[in-house]
Amino acid sequence: MRVAVVGGGAVGVTAAHDLARGGADVRLYERDEELGDDRTRPRDRIEGSSHRAAGVLAPRPTDAVGAEIASRAMDRFEWLSERDHRFSVEATPQVTLVDADAERKQAALREQIDAAREQGVDVACHEPAAIADRFPELDLSGVGLAAVTERAAYATPGPGAYVAAMADRARDVGVDCWTGVEAGVSHRGDGPRVDGERFDAVVVAGGGWTKRVLAPTGIQLPLKPYRVQALVSEGEYDGPMVLDTDAGVYFRPHPEGLLAGDGTVPEECDPDGWEPRGDDWFVDGAVDAVASRTGHDAGADAAWAGIATATPDHEPLLGEVESDLYVATGWQGHGFLRAPATGEALAKQVLGEREPIEKYAPSRFEGVPEFAVEEGMSL
Ligand SMILES: Cc1cc2nc3c(=O)[nH]c(=O)nc-3n(C[C@H](O)[C@H](O)[C@H](O)COP(=O)(O)OP(=O)(O)OC[C@H]3O[C@@H](n4cnc5c(N)ncnc54)[C@H](O)[C@@H]3O)c2cc1C
């Protein structure tokens, strides 16, 4: 079986690797010159979201499909971390904070945590006083409710290292990697093609560019790319990962100090015309929010933006869109933490080793519904 994978981000390299390991003859197309970030290339020269992600791995799935994906992804991250010296996951609990006067959000958080616990996720809600001793790095004043996710981690030195490590493994199992190639996908009824060449199956894992990659086929997806942002700030921070829902900011330890993010711009952006630098409003808000929770009052040493992808129901588009033509996108800002499992699930589907995941079927909508871009971490 000859398979082409278009897009060499975290999802594409995982799918390519698993397809080849499952016996397929795989060619991976990536328009960037390299697969993965070896830390010698500045982030602002790499557009792919996997290189620009914050690397927070704190899944809190609320349904069985999400729980299977989240748990499998963490297993694979941990497996790779134990075997590849370039990439590791640092186990660190994540604390979600909701303000005392945000009653609706508190109720939503309790509901989410109950649903996650039903799926076996090790997470619980606490009064702030009950976690103060455990997390002395945090100033919890004004907080009404906290939730602690125990099985959480962050990727270090960064998500690009996962891509590089998986790309090497993909090459080892025979994936032919064509980098520096902007691939064109078509489908003339007799099957999918890349740059005119017929394959038995084509997987488009083009992140925020997926709609554009599919444009020549006439296939339309309910998918909107939008900007999200992150920054790194110097200074020691050795506490838990935090999601401060009222400030609209998350942060975590980072080898150079602290990484903070979110900065969602809730509108569709042009994947070929977005601003790659962080906005001043994001930097100011994130620096203030981090300072008030941790006393870490360093400024931003680097701030950047990248693309996330929204769908009408916040669930991915993972599966077949036309005979033998597959997509994997629409992660609502949580694509990296699921990539090892979503890439695997799609590879198995293409190989005929598992049924499609109905909940994520790209065909689940009536046509292409109108929808608003919403922040992926909102309660
Ligand atoms: C600032 C920021 C912070 C984030 N933080 C997190 C986080 O903490 N945790 C988390 O889970 N997620 C996070 N995300 C989201 C995460 O980055 C994405 O969901 C995930 O990386 C998507 O992976 P992907 O492989 O689908 O897409 P990408 O990594 O974008 O890969 C798509 C690839 O396709 C290539 N491509 C496009 N068109 C073509 C073509 N025609 N031919 C060949 N190649 C093509 C692109 O160059 C790109 O490399 C964050 C995103 C950003 C921007």
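User: Is Tyr162 buried or exposed?

Analyst: In this predicted model, Tyr162 is buried, with a relative accessible area of 1%. The cut-off for calling a residue buried is under 20%.

User: Which aromatic residue does Tyr162 pair with?

Analyst: Tyr162 forms an aromatic pair with Phe87. The arrangement is edge-to-face, at 5.7 Å centre to centre and with 65 degrees between the planes. Phe87 is also buried, and its relative accessible area is 1%.

User: What does that pair tie together?

Analyst: Phe87 lies in the loop between α3 and β4 (88-91), while Tyr162 belongs to helix α6 (residues 159-172), so the pair connects parts that are 75 residues apart in sequence.

User: Which residues make up the aromatic cluster?

Analyst: One cluster is formed by Phe77, Phe87, Tyr162 and Phe336. The count of aromatic pairs comes to seven. One of them joins Phe77 and Phe336, with a tilted geometry of 5.2 Å centre to centre and 45 degrees between the planes. That pair links distant parts of the chain, as Phe77 is in helix α3 (residues 64-83) and Phe336 is in helix α9 (residues 335-351), 259 residues apart. Phe77 and Phe336 are both buried.

User: Turning to charges, which rings do Arg27 and Lys224 sit over?

Analyst: Arg27 places its charged end over the ring of Trp178, 3.8 Å from the ring centre. For Lys224, the charged end sits over the ring of Phe371, 4.6 Å from the centre.

User: Now strand β20. How many of its residues are buried?

Analyst: Five of the five residues of β20 (residues 325-329) are buried, so the strand is largely enclosed by the rest of the structure.

User: Which way do its side chains point?

Analyst: Leu325, Val327 and Thr329 point one way from β20, whereas Tyr326 and Ala328 point the other way. In a regular strand, side chains alternate between the two faces of the sheet.

User: Which strands pair with β20, and in what sense?

Analyst: Strand β13 (residues 201-204) runs parallel to β20 and is joined to it by three bridges. There, Val202 has Leu325 as its bridge partner. Strand β19 (residues 317-322) pairs with β20 in the antiparallel sense over five bridges, and Gly319 stands opposite Val327.

User: What about Asp324, in the hairpin of β19 and β20?

Analyst: Asp324 takes a positive phi near 65 degrees, in a hairpin that has two residues between its strands.

Methods. Residues are numbered from 1 along each chain as its sequence is written. This is a predicted model: local features need pLDDT of at least 70, side-chain atom pairs count only at pLDDT 80 or more; totals for chains, interfaces and linings use all residues. Side-chain values use heavy atoms; hydrogens and water are left out. Rings of Phe, Tyr and Trp (its six-membered ring) pair if their centres lie within 6.5 Å; planes under 30 degrees apart count as stacked, over 60 as edge-to-face and the rest as tilted. Helices (H or I, at least four residues) and strands (E, at least two) are DSSP runs, numbered from the N terminus. Buried means under 20% relative accessible area, exposed over 50%, partly exposed in between (1.4 Å probe, protein chains only). A charge sits over a ring if NZ of Lys or CZ of Arg is within 6 Å of the ring centre and within 35 degrees of the ring normal. Two strands pair if DSSP finds at least two bridges between them.
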